[in-house]
Structure formats: C-alpha cells, structure tokens
Amino acid sequence: MTPNTSEKALQQNCINLLKSELFGYKFISRDENLKLRDNQTSNVLFKEILAKKLNELNSYEYKGEIYKFSPQSITRAIEHLDVSLNEGLGVANERVTNMLLMGESYEESLPDGSKRSFSIKFIDFENIYNNDFYITEEFAVAKSDKSDKKSRRPDLVLFVNGIPLAVIELKKSSINVQNGINQLLKEQEKGEIPHLFKFIQLTLAANANEARYGTTLTKPEFYSIWKEEEEESARENLAKFVNDRSITALDMTLYALLRPDRLLDLMRNFILFDNRVKKICRYQQFFGIKRTLKRVERIEDGKRTGGLIWHTQGSGKSLTMVMLTKLLKQIYTNSKVIIVSDRIELDKQIEGAFKNTDIRVERCFSGANLTHKLKSNVGVITTLVHKFASVANSKTVLNDNNIFVLVDESHRTQGGDLHIAMRRALPNACYIGFTGTPLLKREKNSFAKFGGEIHRYTIDDAVRDGAVLPLLYEGRFVEQEISNPEILDERFKAICRNLSDEQKRDLQQKWAKFSKVASSEQRLYLVAMDINKHFKEFAKPGFKAMFATSSKFEAIKYHQIFKDLGEIKTAFVISNEQDENVGGSREFVINAMKDIEKEYGDNERYIDTVKDEFLNGDDMDMLIVVDKLLTGFDAPRAAILYVDKPLKEHNLLQAIARVNRVYEGKDYGLIIDYRGLLRELSDSLESYECLSGFDGVDIVGAVIDVRSEISKVKTYYTHLEELFKDVEFKNDVESYAKSLDDKDKRKNFKEWLSSLARAFALALSSDKTAEILTGIEIKEYKSKIKFYNELRSIVQIMYQEKCDFNKYEKDMQKLLDTFINAKGVNTLSRIVNIFEAEFDSEVDRLVAANAKAESIKSALDAVVTEKFDSNPAFYRSISAQIQKIIDEYTAGRLSDEEKLTALRAIKEQIVNKKDEMKEEFKGKRSIADMYENLADLTQIDEEELVALAQKIDEIYSSYALRPEWDKNIDVKNEIEGAIDELLWDIEDKFDINIENKTEIYEVMRNIGINHYA
C-alpha cells in the first residue's frame, strides 16, 4: 500500500491524536461546527456550549448561600467577550486575553433587593479538567470584508469551553512550513478573518517533518520550534496512541503545546504583551523558569536555594525575567522581587521590559531611594548593584526569605564588594543569576556556592533553533602602526581590487589627501576606507552596522573621516564617564562633546536620539561606539560589527552578539576584525587568548569562519550546473528555459540561484576570497550569475510564475549592480494575464517562437484552472483544444510557428468570449454560461434551453440576496429543489427522463456561485 502523504491525511492524524485519551479533545465535524454557529460563518464562538459552561463554572456566595448567575449576566459576558475590532486586532486580542485570564464582573440582583457585582470566569485555570476541550476541522469563517463573499477555512481550530484558542495550518511534507505561516498571517489581516484571531492564543503551522508556533500577530521570523526536555518520556507517551505510523515532529509539537494542561499553562503564565506586541515563550524560557521555580522551593539554613540561568544573548533573557517575576509574585504573594544590573543602560532596558507588560515595577535612582523602597510594600524593584553600598551603610537589613534577587549579567558582580554589600542588606534572599555568556572556568566554583547552574541554553542551541543568527568572522588588516609605505600600497591595492578604473581614480584622489595626515592617524584612514568600501558593497538594503573603537578620540575621528568620505552616514556614542578611554587629544574630545551639548542640551538626550534613529530610522548607516551600547543593546537591523579595539572573554562575546539578532531578510551577522582577536579562525575557540578562560564546549558555535560560507559558492554553482547538465544546446537560453518545465525543478533553480548570489556577494566583499576562489572562477561565476538572472526573467514570463525571491530580490539586484554590471539584464516584472493589454508585449520579450508558445500555454492553463467552474463546457473544450495542439506538436506535425499561431488563436477565443452571446440573454454572462452548459448536459431543444437557463439564473439571483447563501446547506437544498421542479416540468412536457440531475445541480451551483457570490 502506498503511504498517504496528503494534507487531508495529516489533518486526520492530528484529529485522531488530539481526541485520544492522551489529549482528551472532543471532535466536532465540519457540519456540526456550522450548526453550533446557527450556520452563521461570521460567528466564531460556540455560544450555546459557552453559555452552558459559564453557568457550570460560575456561582457567587451571599450570606452563606450559593447562587447561580442570571441568564442575562451569562449573555452579557458572552457579548462582552466578543470585543470590537475598531482599534485593530492587537488591541482586541489583548482585551480578550485579559478577560479570559481575569474574568469580568457583572451585577446581580440579590434576594434582599440589593445589587452587587461578582466575577464570571471563562476558563477554570485552577482545575484544568473542569473545562471542556474541542477540536474541529475545516472551520469556515466569513471574511470581515463584506464586499468579499468568500470565506477562509483554517484546517484545525481548538476550543476551550466554546472559545477558539488555537489554530493549526497544515501542509503536506513537500510544502514548506513557511507557506502555512504566511497563510496564518494573511488570515489575520484587515478584511480577512481577524474576528477569529482576536480570541487565539496559539498559532501553529506544520507539515509532518516540521512545526513552528507563534501567537496572534507573531512576525514570520519569530515563529519558533519547540523541543521537549523530556523527549524520551514524550515519545513513550505518544507511542501508546500512534501505532500505525512513525512519530513525527508534528506529533511531538502537539504533545508539547496542546495537551490541555500545557495549553492553559502557556496561556496563563507564558504569554505576555510587550509594548502591545503579543509574545509567547520559547521552550528554553519555559523550562528554565520551571526549573527555577522547582529550585527555589528548597530551603536550606533558612534560605531558598538560588542558582544561575545561562541563556545565550538574543534568546529572550529580559522576557524570561519578566515571566519568572510574574510567577514568583503569583506563587509567593507577599514576596519582593528585586532585579539588579550593573549598568545604567541595562537597568533602563529591564525597566522598559517590565513597563511594557502589565507588571508594576519601580526603578531606584539612588541608594536612599532603594533603602526606602526595600522597606515599603513595593513588590518589584529594579536597581543598580552600586546602590546597595548605601543600603549596607544604612544598616538596613531585610531577613525575609521571600525576597528574590534576579541579578542580570551576574558574572560581573558576583563575589565582589558590591555583591557582598547586597548580601549584607538581604542576607536571607534567594539569589538567581542570569547571564547571556558562558561562565569562565574561574567563575564556575563561586556560582556553585549559591546553587550552581539551574538551566542552560547555549550559543550552539540558539543558532541551531534559529533563535539567533550564526556569526561569520573575518580577520582583516591588523597592523597597529604604519611604518612601511609598502604596507599602505598593498592595502590600497586590496581595497581597489574590484573597482572600475573611474572608481579607482576617485579613491586615489581621496587617498592622496589622507596620506598627508600624521602617521599616527594613517591607520585610522586606512581602516575607515576599507569599512566604507565594504559596507557599500556588502550591506544589504535596509541593514546597518556597528563599529567598536578603542577610545573616545578614535570614535570621533572615525566619524569625521566617514563624513569626509561622504558615502555612509554615521554617528558616534561615547559616555561622560571618566573610565572610558580618551585615547588622544582630550581637548579634541571635549570640543566634540560641547558641540553635542550645544545642539541637544546634554549627552543623554543626544544618545537617546541617536539610538532611536539607528533602531527605527533610515538616516543612519553605522553607529560608532567605544564601550557604551556594546552590551544590553538590541538592534536587530544591525548586520555587521566592525571591531577595532581589544576585547576579551565576556566583553568579546557580548560585543559580537550585537549583530546576531533575528530580522527579516538577515541570514547571519558578520564580524570584521581589524585587531586580529581570533586571527586564523579554528574550531578550538578556547585556544585564543581572548577566549581562553572559557571551557571549549561552552563556546561552540560562537563564530564561524567566513571562508566556510565563501566555499559554499562552489557548492551552489555545482548544483545549478548539474540541474542543466542535460540541456542539449548550451548556447541557447530558450533550451535552458524549456528544461525547466517541471515545477520542482524551477523551484530548485530559483533557490540555488538565490543562495549562490548571496554567497558570491559575500565572497566578493571579503579579503579571504583569493584563498578559495581563483580569478578564473570569479570571472566564470560573474558571467553565469548574469546569465542565470536573465534565464530567471524568461522563466517567469514563460511559465507565468511570480518571482518568489521575496526578501532576496534586492540582494540579487545589488550584486548585479555592484559587481557584475547589470546592463542588459532583464528585470523581473509582475505577471500579467491574458486579459490584460500588456500580455502580448510581455510574451514578445521572449525570442524563440516555442518559448512564446509555451508562455501562452502556461497562461491559458492558468485561466482554465481558475475559471473552469464558471463554465465547465467552454473550458473543457479549450483544454481539449490545447491538448490537441501539444499532441500535434509533439508528433512533429506542427512547427514552432504553427504551434504559436494556434495557441494565440485560442487565447483570442477566450478573450473575445465575453462578447459572444445570444440576444435573448441581454448581455448577462451568467445566463449565457448556464445555457452553454445545459446544452452540453441535456438533449433539450433550443427554445426550452434558453428559457431554462433564464429561469435558473433568476433562482440564483434571488437567493443571492440572502447573507451567506452560498455557504448555507438549507439554501443549497432549496435551490436544488427549485431546479428539480423545472426539470420535472420538462420531463413531463417532452416525455423524457433526465438521468444526470445531480451533475446538473453541481454545475449550475458552481456557475451561480461564480457569478453571484
């Protein structure tokens, strides 16, 4: 037996699993889910189920007696839950979520005539199985755009107490999960079905091999995979209910996220709104928090046991702290949570993370302020570790063991004087350390003393999961002094190697000016020119860079050099603090700071302005920093970090992680090192002096040699060449295009070309290219990429396919413009159909007659597929004509030109169809289409056929006035009954038997829906 790989089979597997004893969902069929909504697909709640459940779950006590809520209150609760979308889906979803979590209060009339308000809960979070769990399939939902009568049908929707909480979109294994994610996002748009998604807490897109989850309005790049920590136990549990097939990644994800207890736990404790953006936890946050809660239950010597959470940078450490705080406050109701950091920027960031959620937090700005708040009833405090010196000096001591101290980047303060002061003030507190970098060997023993490691999520884990991006490393020009003119000349040649003669002359003029500056500054100019050229060539459109420099002087000087070059826009950020290295003329730095104060008032306001522009604006390309913003600064658009300063250990790992954040269109972060920190990169990162303090296993995957990425050029090129190895005429582009008639082959072509272009662009911007690619290879790749891009344009027209390069389209164009000379390259355009005026001119862009014919054939096939139901008789005839032409051509009885002429004639036949109809139809296409198909389906004479077509059209036009008529089963039956009566009359009149009535009903229904729905 051949395995069933269809989407429907996958859907059934999910239903079978979810309604098994392991999950306990009750199944509701598609017909039943419509009945539960009174056949109104604009309604997404099972109101009857919800009303019954609210009555079961809720009661109130008054004077020792228990009372049930009135039907009016239950009805009002359901109405209030169905909130308006006037302020957008995000606001509506937040309001619904808050109601589901906290309930709503309703006024009840009491036996003594008074009135009081009592709370109604929609879900019983305390007793999970007091709730009812349902699953349904093909959940038809009418679009909110009333002018569009179509509906959407999410594959699976999961309900709790009649409220839809989860949506699953399934694709067969040959289709990428991204398609399911895109579908989920599309359905949340205005005019689509946001009235379903305002209730939704969890969204899941999957095929059998991969599943990714998010929540309402999650961006595609943040859809995540889930890994169970007790994977073996999960498999054992699933194996009891999955007997006739292998356990899949989808089964594992369903088990992890949709078991009733897990779903409600996630909803209640691990989903939050961060500045109105809804976020659901990643698996490392979930298990890290669970382990921490288990750890702090242990009390030894009067203190709760703490420990360390190491979650690599970019994996959501701040939100982990927020979620943990929320649960600690929930479990230990009178507890105090203090979040401690050692830098103002981090303190601001943490305060911001809490303020964006519903957790009330107060930030301490002084030691006295901290002392006061520690004594007060403030539940959550953020502060700097330095403030505890004042608390210790004031002899304020809090002995409560329900104080939890969350220490951010704890490796920097643990064991020092500041940490001792904190311990003195809070001797019985539970200390939980957080770090985004692994512990140094010397730090591990000291952390073991107060609980050891609680949970880890390593750099390698995060890269593998896609939570952060891989970092590519390239070491460049590292000489610290320019004493030899030959060094300058060689470096200048390297910078110029890919420039045109005109570009070289322009650079020489600039260099002539720079070469006259003091020798101590010549290196700065050389590095700046290299960065300037690299950024222009390599940086993707819309992405930015950071530049870490050694001193305030160098940061400002570099900024001035880039300003003189006039090609990339920069800003520098330096602190007022004395410990940041001046590194040159103090007067030069002071004057620069005075200019800032003159324009912005003070340095902090300037920094806030610069940060905002860098994060959100388009008027800055690169941020130049010394120490400030090298840690605790998330800038997802930053794709490149240039390093011209000594860094080691934690500082190095934190600095390079500035560019590993996920962002749409970003494949990796790039580190360009002008200090030789890692020199010739090897796998043994701990062998470098700057990282020697770490255990090798803890820093696996921190950085990857850029040469490994460049070497992929050869791999992708080989894939493309192999794809076309059977092309008969290697000098004929049409032969290449014809060889791509298979859809999967075209998909591979576009994916490999996209990958080749990106890898090659990186290669051409790197110093390491010459070590991997020869000059002859580079020339060959340039030529072939240009050719393949022309082929891509031809294929788009020939097979009527939209370009699916999406985010890589700009990258391809930049590669062509920067390195390959794009003159004469066909640019891609939108696909036009045969009814548009531009169609013929687009086809004429192709050269060969057969290529033009194939392009028209693809367009005709698309029209037949799209419009078949509107007039099956006509389009069946068109399809047969097309097939006859292809058969004739294949047999050699038609030339290329004859094939083209014949297909053009069919195209004209379709285009002119709308003007060809009998006068009796009065220009109504619907009657003409019904007439044509009735003639094909019956043996009735001409006059009767015209009358029958007109009467059936009248039936559909009248029923079409009813809302949702095309989706209503009862209406469908009524229409078929009316058509049946017309056919009976004809049978009686002519004494005939019409045997194919069912087929007539179906064809007429399709035509009716096509014209009237």
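Predicted model: local features only at pLDDT ≥ 70, side-chain atom pairs only at ≥ 80, totals over all residues.
**View A. Arg-245 and its salt bridge with Asp-251.** Let us start with Arg-245, which is partly exposed at a relative accessible area of 25%. Here, buried means under 20% relative accessible area, exposed means over 50%, and partly exposed covers what lies in between, with a 1.4 Å probe and protein chains only. Residues are numbered from 1 along each chain as its sequence is written, and side-chain values use heavy atoms, with hydrogens and water left out. The side chain of Arg-245 meets that of Asp-251 in a salt bridge, 2.7 Å from N to O. A salt bridge is a side-chain nitrogen of Lys or Arg within 4 Å of a carboxyl oxygen of Asp or Glu. Side chains of opposite charge can pair when their charged atoms come close. Asp-251 counts as buried because its relative accessible area is 3%.

**View B. Asp-244, in the loop between helices H8 and H9.** This loop joins H8 (231–239) to H9 (249–258). Helices (H or I, at least four residues) and strands (E, at least two) are DSSP runs, numbered from the N terminus. With a relative accessible area of 73%, Asp-244 is exposed. From Asp-244 to Ser-735 there are 491 residues along the sequence, and their C-alpha atoms are 46 Å apart in space.

**View C. The whole protein, for orientation.** Its C-alpha atoms fill a box of roughly 110 × 95 × 60 Å along the principal axes. The protein has 40 helices and 30 strands, and 55% of its 1013 residues are buried. How many salt bridges does a search of the whole structure find? The search finds 60 of them.

**View D. Two further salt bridges, Lys-294 with Glu-297 and Arg-707 with Asp-705.** The side chains of Lys-294 and Glu-297 meet at 3.9 Å, N to O. Lys-294 is exposed, with 57% relative accessibility, and Glu-297 is partly exposed at 48%. For Arg-707 and Asp-705, the closest N and O atoms are 2.8 Å apart. Are these two residues buried or exposed? Arg-707 is buried, since its relative accessibility is 18%, and Asp-705 is buried too, at 17%. Elsewhere, salt bridges that share partners tie Lys-26, Lys-53, Glu-56 and Asp-132 into one network.

**View E. His-195 and the backbone of Ala-142.** Look for His-195 in helix H7, which spans residues 194–197. A polar atom of the His-195 side chain lies 2.9 Å from the backbone oxygen of Ala-142. Such a polar contact is a pair of N or O atoms within 3.5 Å; within protein, one must be able to donate a hydrogen and the other to accept it, and residues adjacent in sequence count only if both atoms are side-chain atoms. His-195 counts as buried because its relative accessibility is 11%.

**View F. Tyr-134 in strand E6.** Strand E6 covers residues 133–137. Tyr-134 is buried, with a relative accessible area of 11%. Where does Asn-161 lie in relation to Tyr-134? The two are 27 residues apart in sequence and 7.9 Å apart in space, C-alpha to C-alpha.

View G. Glu-597 sits in helix H23, residues 586–600, and is partly exposed at 40%.

**View H. Positive phi values at Asp-38 and Leu-217.** Neither residue is a glycine: phi is near 55° for Asp-38 and near 65° for Leu-217. Asp-38 belongs to the loop between helix H2 (30–35) and helix H3 (47–57), and is exposed with a relative accessible area of 60%. Leu-217 is in the loop between strand E12 (211–214) and H8, and at 44% relative accessibility it is partly exposed.
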